[in-house]
Amino acid sequence: MIQKMQSKFVATVMAAFLILTGIVAGSINLFSFTQMISRYDQMLEILVSNNGEFPEPEEFNQKITDNFGHEFEITVETRFESRYFLVYLDGNGNYLDSDISHIAAVSGEDVLFYAEKVFKELKPGKVSRGTCNIYRYRLEQTDRGYEIAFIDMTQQMANLENIRTISLIISVVLLILLIIIVSFLSKRAIRPMVETMEKQKRFITDAGHELKTPLAVISANADVLELIGGKNEWIESIRNQTKQMDVLVKRLLFLSKMEEGEQMVFAEFDLSKTVFEKVSQLSTIAYSSEKEFETDIAENIRYKGDMTAIEHLVSVLTENAIKYCSEKGKVQVKLYKSGKTIHFEVRNEGDPLEASEMSRLFERFYRPDSSRSKNTGGHGIGLSIAKAVVTAHKGRIYAKNEKNNIVAFCVEF
């Protein structure tokens with residue numbers, strides 16, 4: 001239990017870190033990419049506006065801003081650090097001319113290929129922008145037809161790749177360091193909770209053992225009173241209450257051991273036989289209260305688990321169904337295997353459960369209807385035991401309402 005709490009604490013911190021790191025790293029990379037595209041769009045706009053050349057800094061008087069409101073500035077190095085080429089097409093997209101004097105990596109065939117590809121993707125409007133392989137382009141309609149300016153993004157894309165790689169490396173390093181730090185500090189962080197749980201466990205165990213003797217004395221005194229004064233309703237009430245208290249104490253001790261994973265002996269056994277024998281013993285309770293009892297237990301289903309704990313699970317769910325089954329209603333117990341999953345289901349006719357109750361059914365001492373629980377003698381701890389048993393076996397348990405006022409408790413292993 002303590003190890004699970006520590007693991008959950010570490011996992012929660014790691015999840016929060018990964019989400020935060022993902023948001024920060026993603027935002028940085030997205031901002032860098034958007035800024036790069038915006039800058040190249042500015043450069044292309046200048047090229048198209050100045051006949052395919054970058055003007056001298058003192059001659060540049062255009063005011064061009066990017067998506068972030070930053071004005072583009074031309075320096076004496078701008079024309080030398082940029083690689084670009086231009087293509088001219090007629091109104092039908094046929095090749096007219098090109099200028100590849102500012103780039104060495106593009107041939108005449110490449111010009112035709114890129115021009116044709118961009119023209120096929122032409123969108124309505126006088127200006128079209130986009131990315132084609134490693135080039136950012138701007139297509140603008142002119143009197144002669146179309147002018148397409150391409151600019152090489154290789155260097156900036158390499159810089160972006162470096163940013164992504166560095167971000168990933170830093171994130172991994174920080175994650176490893178955080179795991180080490182959090183694993184060390186988690187013990188201190190959960191210490192108060194662990195101490196509280198230990199005190200609670202010690203109290204339940206001590207109280208359970210301390211109550212056994214008084215209960216045994218009360219039961220023995222009731223027997224003596226019956227011998228002296230004969231049977232009467234008061235002695236019978238004492239016995240019933242003592243019996244209920246004894247069951248409650250035993251279940252509390254069992255639940256405490258289950259939640260701590262103590263005394264669990266996993267071995268393969270015949271689950272079909274175990275369920276059938278346990279259910280057969282409990283069927284007499286249903287018949288004595290004039291309720292129908294049906295079983296559908298598939299044969300030869302074997303399972304590796306703690307047989308004693310599974311017997312508790314079967315008893316709890318079956319007794320619960322009998323207790324809360326409507327008068328002269330029907331209880332159904334079913335065991336079957338679907339693929340690799342074993343299903344154990346218990347159904348009873350009765351009042352449907354409220355949706356708000358579903359998530360709390362397996363809490364200690366929770367009873368959906370207190371008046372009904374008093375009439376049936378419930379303590380609200382049986383389903384907690386069922387949940388603990390299923391959890392210890394890494395299974396799943398849930399409740400649901402079905403048609404015709406049927407409540408079902410389903411277990412999957």
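User: Leaving aside neighbours within four places in sequence, which residues is T274 in contact with?

Analyst: In this predicted model, T274 is in contact with F269, M307 and E311, once neighbours within four places are set aside. T274 is found in helix α7, residues 271–288.

User: Why is T274 called buried?

Analyst: Its relative accessibility is 8%. Buried means under 20%. T274 therefore counts as buried.

User: What makes the pairing of the T274 side chain with the backbone oxygen of D270 a polar contact?

Analyst: A polar atom of the T274 side chain lies 3.0 Å from that oxygen. The limit is 3.5 Å, so the pair falls within it.

User: How do you know whether N29 is buried or exposed?

Analyst: N29 has a relative accessible area of 14%. The cut-off for buried is under 20%, so N29 is buried. N29 lies in helix α1, residues 2–49. Not counting residues up to four places away in sequence, N29 touches L160, I163, R164 and S167.

User: What describes the crossing of α7 and α8?

Analyst: The axes come within 10 Å and cross at roughly 35 degrees. α7 passes α8 in a right-handed crossing. Among the residues that meet are L271, T274 and V275 in α7, and M307, I310 and E311 in α8. By class, the contact of α7 with α8 has 10 nonpolar, 3 polar and 3 charged residues.

User: Where do the axes of α8 and α11 come, and at what angle do they cross?

Analyst: The axes of α8 and α11 (residues 382–392) come within 9 Å and cross at roughly 145 degrees. α8 passes α11 in a left-handed crossing. The contact involves residues including A309, I310 and L313 of α8, with G382, L383 and I385 of α11. The classes here are 10 nonpolar, 2 polar and no charged residues.

User: How many aromatic pairs does the structure hold?

Analyst: The structure holds 12 aromatic pairs.

User: Why is the pair of F85 and F150 called stacked?

Analyst: The ring centres are 4.6 Å apart, and the planes lie at 10 degrees. Pairing needs centres within 6.5 Å, and stacking needs planes under 30 degrees apart. The pair meets both limits, so it is stacked. F85 sits in strand β1 and F150 in strand β5, 65 residues apart.

User: What makes F85 and F150 buried?

Analyst: F85 has 0% relative accessibility, and F150 has a relative accessible area of 0%. Buried means under 20%, so both F85 and F150 count as buried.

User: Which residues form one aromatic cluster with F85 and F150?

Analyst: F113, Y114, Y135 and Y137 form one aromatic cluster with F85 and F150.

Conventions:
Residues are numbered from 1 along each chain as its sequence is written. This is a predicted model: local features need pLDDT of at least 70, side-chain atom pairs count only at pLDDT 80 or more; totals for chains, interfaces and linings use all residues. Side-chain values use heavy atoms; hydrogens and water are left out. Helices (H or I, at least four residues) and strands (E, at least two) are DSSP runs, numbered from the N terminus. Buried means under 20% relative accessible area, exposed over 50%, partly exposed in between (1.4 Å probe, protein chains only). A polar contact is a pair of N or O atoms within 3.5 Å; within protein, one must be able to donate a hydrogen and the other to accept it, and residues adjacent in sequence count only if both atoms are side-chain atoms. Contact means heavy atoms within 4.5 Å. Axes are lines fitted to C-alpha atoms, for helices over the stretch in contact, and angles run from 0 to 180 degrees between N-to-C directions. A crossing is left-handed if the near helix is turned anticlockwise from the far one by less than a right angle, and right-handed if clockwise. Ala, Val, Leu, Ile, Met, Phe, Trp, Tyr, Cys and Pro count as nonpolar, Asp, Glu, Lys and Arg as charged, and the others, Gly among them, as polar. Rings of Phe, Tyr and Trp (its six-membered ring) pair if their centres lie within 6.5 Å; planes under 30 degrees apart count as stacked, over 60 as edge-to-face and the rest as tilted.
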